[in-house]
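Here's a quick briefing to read alongside the model. Keep the viewer open and follow along by topic.

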Amino acid sequence: MKKILERGIATSNANGLNRRQFLRLTALAGGGLLVACGGGSGSSDTDTNRDNDTPATSPPTATDTYQIGEFLRIDTDNSVTVLVGAAEIGQGALTALPMLVAEELDADWSRVSSALSPVAANFNNPYFAGLLQFTVASSVVRGYFDGQRAVGATVRQMLVNAAARRWQVSASTLRTESGYVIDDANGRHASYGELAAAAAAEPVPTTPTLKDPSQYRIIGSSRQRLDVVPKTNGSFLYGMDIDIPDMLTAVMLRPPRFGGQPLSVDRQGALAVPGVVDVISVPGGVAVLAEDYWAATKGRQALQVSWNEVLAGRTDSKAQRNVDGLKLNLPGVPIRNDGSVLLANALAREVISQDYYFPYQAHAAMEPLNVVIDYRGDSCDIWTGTQSPTLDKTFAAAILGLLPDQIQFHVMPAGGGFGRRGNPLADFVRDAAVLAKVVQQPLKLIWSREDDMKGGFYRPAAMVRVSAGVDATGDVISWSHRAVTQDVTASLYVEEVLDLLQDVELPPLQDLTDLETGMPYDIDNVLMDFHLTVKPNMPALWMRSVNKYTDVFAQETLIDVVARRSGADPYQFRRNMLNDSPRHRAVLDAAAQAAQWGNPPPGRFQGIAVMGHWGSFVAQVVEASVDDQRNLLIHKVVSAVDCGTAINPDLVIAQVESAVVFALSSVLFGEIELVDGIVQQNNFDDYPVLRMYQTPSFETVLVNRGGRPGGVGELGVPCVGPALCNAIFAATGEAITELPLKNLDFNIA
């Protein structure tokens with residue numbers, strides 16, 4: 001998978017727009033310019049193509065109507081609208097991607113707006129080789145960086161060419177600034193809006209010239225989010241806000257254990273509830289459809305269902321922990337093997353080892369999952385907040401017996417996702433499609449937070465064993481790391497499958513997995529291996545920072561144990577082992593300096609951790625205090641980030657600091673416990689997240705390195721846990737080897 005992604009990025013880098021994409025420019029009625037970026041298959045949203053009935057330089061064919069979608073619009077009033085193919089789940093895609101276009105276009109940023117695109121191949125994420133629209137793996141800016149800039153540069157050149165033709169001068173004598181083409185020699189200028197229609201007739205440049213970073217005016221500046229006004233005045237529409245005439249509301253009663261199926265259903269109680277209109281058994285549960293949510297939930301409460309649980313999952317957290325603990329003693333599938341750990345351990349003064357445990361966790365996004373679907377037999381509209389619309393649309397089409405182009409899929413902004421809305425199995429959209437095919441009436445399917453917490457997908461539980469061989473001088477000469485978990489991206493490598501496919505050559509595990517293999521320290525002998533298991537009736541899914549959450553925790557807390565056992569300062573100990581990792585070292589130094597490492601206020605203690613992934617690097621220092629009654633107070637979190645070019649520094653800082661809150665919620669409280677296959681938690685009352693009064697102060701430092709941008713959506717999560725627990729270790733001498741901390745009798749002040 002990694003190689004595929006790299007190929008996608010390389011193709012985009014080489015050509016700006018990849019070879020399957022091309023620009024088509026259309027003059028809008030009354031002037032203005034519509035830029036479409038076409039290619040590949042898929043459908044475009046008719047709502048966004050209604051202006052295509054206006055004169056065009058090259059009228060689209062019937063096939064083109066499915067292949068070309070609006071990308072950019074310049075209106076006569078000089079306003080610019082950019083459509084965004086990535087999901088908006090709070091991370092700022094509706095601002096960051098338009099900034100890339102506006103920079104190369106030399107647009108007036110105050111005249112730029114944005115909207116989410118239709119689901120179409122021309123909006124696929126280049127990070128995933130242009131195969132689908134997918135907003136995961138911190139891939140939005142990284143994926144769209146080249147293509148968005150190339151479109152902006154192309155359109156800018158066409159506007160300049162149009163002005164040159166109008167004024168009968170060479171295009172090379174003109175310049176652009178803030179939405180205008182300017183002829184300095186003759187003292188005249190024209191707005192993009194004035195030139196837009198004429199630009200549509202210009203040839204499309206094949207090799208647009210991109211700006212040198214030293215010329216950036218918009219990239220690298222902290223611009224206010226384009227969606228801040230509607231988000232603050234309440235006019236911003238989420239999926240839950242969609243309401244259409246004659247729409248029913250559906251909720252589902254799901255089996256108590258994953259994989260259970262309805263055996264018998266007594267519908268009478270539910271149908272007696274005023275407002276309930278139907279009860280339908282579907283794979284995986286029983287749906288109650290009603291005139292509103294209140295009636296639907298009351299009807300569900302009155303439903304009597306017995307379940308067939310012959311094939312249901314019986315995952316038990318305590319039992320699984322015991323089994324996984326035994327697996328830690330067995331060699332796993334190797335993923336990295338440098339030097340000889342076995343020999344180095346034999347020569348070591350001592351080998352320090354710790355086992356770690358991490359439970360299942362829920363995504364617990366603020367906006368519950370919801371889908372509105374209007375199926376009309378030969379066509380369908382779907383509205384939902386999702387991170388994987390291409391896959392969702394494909395599943396819906398298959399269930400409804402439609403071609404993908406017969407579905408208008410409206411991607412809505414979502415109130416959080418953290419990976420839950422990027423489900424390759426399209427679970428919530430799939431359920432809605434199944435119901436819609438039966439009732440053939442508009443409906444809104446709602447998963448309440450309780451529904452999702454008890455019956456959704458989870459960050460998989462994991463156990464990790466980390467060992468360090470230390471020589472007589474205190475240097476680390478060997479490192480081994482073994483994990484036992486459900487890795488959703490490396491399912492091909494589950495040992496059960498490998499047993500059956502011994503003769504099949506699979507890609508290197510490093511190319512598929514989300515497991516952390518990036519041990520950055522200067523250690524010659526490193527062994528990493530994993531036990532990857534499959535539990536069909538225990539749904540697992542990636543969650544913000546994926547396996548870095550567990551793997552980096554184990555790595556960075558054991559480093560502190562080794563350092564303190566050698567009498568070394570944890571910061572200096574790390575620094576001395578990062579000679580070959582200058583970007584790790586730079587953020588480590590920046591975090592330590594900003595946090596005044598080594599000089600906390602009296603009664604407070606510091607912990608530090610560092611990592612690099614998603615093309616970015618982060619180090620964090622947590623300052624905390626713990627009293628004799630185990631009251632834990634987290635005072636401050638300092639982060640230092642190197643993400644290459646920060647497109648919008650304020651967005652980067654917001655991403656990192658929101659990730660700190662997310663991480664602290666997970667580290668302090670995050671636990672889904674299963675007893676004989678039944679999830680014990682329900683909602684925020686027994687699965688709490690960080691409250692305002694528990695939130696520390698933040699300081700985030702950007703280490704400005706320039707170059708290609710890295711990902712930041714997940715970057716702020718993995719180091720928070722180990723930095724906090726290293727601070728606790730410094731305060732108490734207690735090495736933390738399992739999460740969440742609530743289970744270790746800490747009182748979170």
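This is a predicted model: local features need pLDDT of at least 70, side-chain atom pairs count only at pLDDT 80 or more; totals for chains, interfaces and linings use all residues.

Buried here means under 20% relative accessible area, exposed means over 50%, and partly exposed is in between, with a 1.4 Å probe and protein chains only. Residues are numbered from 1 along each chain as its sequence is written, and side-chain values use heavy atoms, leaving out hydrogens and water.

**The chain overall**

- The chain has 19 helices and 31 strands; helices (H or I, at least four residues) and strands (E, at least two) are DSSP runs, numbered from the N terminus.
- Of its 749 residues, 60% count as buried.
- Contact means heavy atoms within 4.5 Å. Among contacts between residues at least 6 apart in sequence, 75% join residues at least 24 apart.
- The accessible surface comes to about 28600 Å², and 52% of that belongs to carbon and sulfur atoms. The areas come from the Shrake-Rupley method with a 1.4 Å probe, and for residues only the protein chains shown count as cover.

**The three-strand sheet**

- β6, β7 and β8 make an open sheet in the order β6-β7-β8, with antiparallel pairing; two strands pair if DSSP finds at least two bridges between them.
- At the edges are β6 (175–177) and β8 (188–191), each pairing on one side only.
- The twist averages 30 degrees from one strand to the next. For angles like those below, axes are lines fitted to C-alpha atoms, for helices over the stretch in contact, and values run from 0 to 180 degrees between N-to-C directions.
- Three bridges join β6 to β7 (residues 180–183) in the antiparallel sense, and R175 stands opposite I182 in β7.
- Helix α4 (residues 140–167) packs on this sheet and touches β6, β7 and β8, its direction making about 45 degrees with that of β7.
- Helix α5 (residues 192–199) also packs on the sheet, touching β6, β7 and β8, and its direction makes about 75 degrees with that of β8.

**The five-strand sheet**

- Five strands form an open sheet with mixed pairing, in the order β14-β24-β23-β22-β15.
- β14 (333–338) and β15 are the edge strands with a single partner strand each, so one side of each has no neighbour in the sheet.
- Neighbouring strands are turned by 10 degrees against each other on average, direction ignored.
- Strands β23 (residues 476–485) and β24 (residues 525–532) run parallel and are joined by eight bridges; V484 stands opposite H531 in β24.
- α15 packs on the sheet, touching β15, β22 (462–470), β23 and β24, and its direction makes about 145 degrees with that of β15.

**Aromatic rings and charges**

- A search of the whole structure turns up twelve aromatic pairs. Rings of Phe, Tyr and Trp (its six-membered ring) pair if their centres lie within 6.5 Å; planes under 30 degrees apart are stacked, over 60 edge-to-face, and the rest tilted.
- Y127 and F128 have ring centres 5.1 Å apart and planes at 85 degrees, so they are an edge-to-face pair. F128 is buried as well, at 8% relative accessibility.
- The F358 and F553 rings have centres 5.6 Å apart and planes at 85 degrees, which means this pair is edge-to-face. It links distant parts of the chain: F358 is in strand β15 (residues 350–358) and F553 in helix α15 (residues 548–565), 195 residues apart.
- F358 and F553 are both buried.
- Ring pairs also link Y127, F128, F134 and W542 into a cluster.
- R459 lies over the face of Y549, 4.2 Å from the ring centre, and R544 lies over the face of F662, at 5.4 Å. The criterion is NZ of Lys or CZ of Arg within 6 Å of the ring centre and within 35 degrees of the ring normal.

**A hairpin**

- β3 (residues 70–74) and β4 (residues 80–84) pair in the antiparallel sense over three bridges, with I74 opposite V80 in β4.
- Five residues lie between β3 and β4 in this hairpin, and N78 in the turn has a positive phi of about 75 degrees.
- Five of the five residues of β3 are buried.

**Around L664**

- L664 is found in helix α18 (residues 649–669) and is buried, with a relative accessible area of 0%.
- Leaving aside neighbours within four places in sequence, L664 is in contact with I634, F669, L690, P696, V720 and L724.
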